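Have it open while you read, and follow the points in order.

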Amino acid sequence: MKIYQKKTELSNAEYREVLDEIYGDVEICGMMFSSGSALQELDETAFESGKSEHESALDSESLIWVCGACGEEHEGKRGEESAEECCKADAEAASDEEELKK
Ligand SMILES: [Zn+2]
């Protein structure tokens, strides 16, 4: 049974919201800007690397294991275990079915 870990992927818009929540608005020359869009505009490299750091932080907080056979997601402490158990019983039947579809 193949299981794999699901990686978190944030869109730029989602990461801008994360930054806005942490840093709020910034004032530049008397004008208010959202800090998320400001960083993305001013330093896209910093924005991108902050985004991938945040993604790995989210991954280490909550691992999501995906059953390779049915694609079902299993979270939580026993996620890895329950993903492994997920299609164990009918694993052979499922792979036969897969073969037939091809
Ligand atoms: Zn499954």
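The points below go from the ground rules to the sheet, then to the core and the helices.

1. Ground rules. This is a predicted model, where local features need pLDDT of at least 70 and side-chain atom pairs count only at pLDDT 80 or more, while totals for chains, interfaces and linings use all residues. Residues are numbered from 1 along each chain as its sequence is written.

2. The sheet. Look for an open sheet of three strands in the order S1-S4-S5, with antiparallel pairing. Strands here are DSSP E runs of at least two residues, helices are H or I runs of at least four, and both are numbered from the N terminus. Two strands pair if DSSP finds at least two bridges between them. The edges are S1 (3–6) and S5 (73–75), each pairing on one side only. On average, neighbouring strands are turned by 35 degrees against each other, direction ignored; the axes are lines fitted to C-alpha atoms, for helices over the stretch in contact, and angles run from 0 to 180 degrees between N-to-C directions.

3. Pairing in detail. Four bridges join S1 to S4, and three join S4 to S5. Trp65 is worth a click: its bridge partner in S5 is His74, and Trp65 is also the partner in S4 of Gln5. Next along, Val66 stands opposite Glu73 in S5. S4 and S5 form a hairpin with five residues between them, and Gly71 in the turn has a positive phi of about 80 degrees.

4. The covered face. In a regular strand, side chains alternate between the two faces of the sheet. S4 has Trp65 and Cys67 on a covered face, with Ile64 and Val66 on an uncovered one. H4 lies across S1, S4 and S5, at about 5 degrees to S4.

5. The core. Which residues make up the largest nonpolar core? There are six: Ile3, Trp65, Cys67, Ala83, Cys86 and Cys87. Strand S4 (64–67) and helix H4 (79–86) are the elements that give two or more residues to this core. By a nonpolar core I mean a set of buried Ala, Val, Leu, Ile, Met, Phe, Trp, Tyr and Cys residues joined through C-beta atoms within 7 Å. Buried means 20 or more other C-beta atoms within 10 Å of the residue's own, exposed means 12 or fewer, and partly exposed is in between, with C-beta atoms placed from the backbone.

6. Helix H1. In H1, Tyr15, Arg16 and Leu19 are buried. Seen down the helix axis, the buried residues fall within an arc of 105 degrees, so they line one face of H1; the arc is that of the directions from the axis to the C-beta atoms. Ala13 and Glu21 are exposed on the other side. The buried residues of H1 pack against strand S3 (31–34), H2 and helix H3 (44–61). After H1 comes Gly24, with a positive phi near 70 degrees.

7. Gln40. Is Gln40 buried or exposed? Gln40, in helix H2 (residues 35–42), is buried because 20 other C-beta atoms lie within 10 Å. Leaving aside neighbours within four places in sequence, Gln40 is in contact with Asn12, Arg16 and Phe47, where contact means C-beta atoms, placed from the backbone, within 7 Å. Gln40 and Arg16 are 24 residues apart in sequence and 7.9 Å apart in space, C-alpha to C-alpha.

Methods:
Contact = placed C-beta atoms within 7 Å.
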